[in-house]
Amino acid sequence: MRTYSGFLIAAAVVALATPALAEFSKVEDQGEFVKLVQGKELKRPFVKLEVEPNGEITGYGAAWPVTGEWTWSDGYFCRDLYWDGDPLGYNCQEVQAAGDRIRFTSDKGTGDSAEFRLR
């Protein structure tokens with residue numbers, strides 16, 4: 001019984017010492033989105049992007065330049081990207097945020113997701 005009690009106490013201590021991760025919530029409008037990304041870099045391994053309020057996207061994916069444009073349409077971030085000049089296509093994405101993290105989910109929230117740190 002001592003081992004089981006010790007495990008429970010250790011688990012409780014770890015739970016109390018670990019900060020709770022903020023839950024993602026949907027970004028509902030363009031103004032809220034711009035406040036999140038303005039003056040920040042969106043970073044993940046091998047990717048660094050800037051999404052400007054004027055609709056411009058710039059940065060790097062791996063070692064190649066990323067360029068593009070974005071608009072906000074019906075509650076979605078719609079972008080047209082190029083990676084080293086090759087088109088990645090137009091896609092409208094659901095945006096969610098939590099603390100210093102932002103998540104984009106393709107196909108209006110039904111497709112693949114990519115999560116970035118806002119720095």
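Buried means under 20% relative accessible area, exposed means over 50%, and partly exposed lies in between (1.4 Å probe, protein chains only). By that rule arginine 101 is buried, because its relative accessible area is 13%. This is a predicted model, in which local features need pLDDT of at least 70 and side-chain atom pairs count only at pLDDT 80 or more, while totals for chains, interfaces and linings use all residues. Residues are numbered from 1 along each chain as its sequence is written, and side-chain values use heavy atoms, with hydrogens and water left out.

**Overall build**

- The chain has three helices and nine strands. Both are DSSP runs numbered from the N terminus: helices are H or I with at least four residues, strands are E with at least two.
- Along the sequence, the pattern reads α-β-α-β-β-β-β-β-β-β-α-β.
- The chain holds 119 residues, and 32% of them count as buried.

- Arginine 101 sits in strand β8, which covers residues 101-105.
- The side chain of arginine 101 makes a polar contact with the side chain of glutamate 115, at 3.5 Å. A polar contact is a pair of N or O atoms within 3.5 Å; within protein, one must be able to donate a hydrogen and the other to accept it, and residues adjacent in sequence count only if both atoms are side-chain atoms.
- Glutamate 115 also forms a salt bridge with arginine 103, with the closest N and O atoms 3.6 Å apart. This pair links distant parts of the chain: arginine 103 is in strand β8 and glutamate 115 in strand β9, twelve residues apart.
- A salt bridge is a side-chain nitrogen of Lys or Arg within 4 Å of a carboxyl oxygen of Asp or Glu.
- Arginine 103 is partly exposed, because its relative accessible area is 23%. Glutamate 115 is partly exposed too, at 31%.

**Other salt bridges**

- Side chains of opposite charge can pair when their charged atoms come close.
- The whole structure has five salt bridges.
- One of them joins the side chains of glutamate 41 and lysine 48, at 3.9 Å from N to O. Glutamate 41 is partly exposed at 21% relative accessibility, and lysine 48 is partly exposed at 36%.
- Arginine 119 forms a salt bridge with aspartate 100, and their closest N and O atoms are 3.9 Å apart. The two lie 19 residues apart: arginine 119 is in the segment after β9, and aspartate 100 is in the loop between β7 and β8.
- Arginine 119 counts as exposed because its relative accessibility is 55%, whereas aspartate 100, at 30%, is partly exposed.
- A network of salt bridges links Asp100, Arg117 and Arg119.

**Tyrosine 76**

- Tyrosine 76 lies in strand β6. It is buried, because its relative accessible area is 16%.
- Tyrosine 76 and asparagine 91 are 15 residues apart in sequence and 9.5 Å apart in space, C-alpha to C-alpha.

**The largest pocket**

- The largest pocket holds about 420 Å³ of space. A pocket is an open set of points on a 1 Å grid over the protein atoms alone, where a 1.4 Å probe fits, with protein on both sides within 12 Å along at least five of seven lines; lining residues have an atom within 4 Å of a point.
- Its volume is the space filled by probe spheres set on the points, which are joined across faces, edges and corners.
- The lining has 22 residues, and Leu49, Arg79, Leu81, Ala114 and Phe116 lie nearest the centre.
- Strand β6 gives the most to this lining, with four residues.
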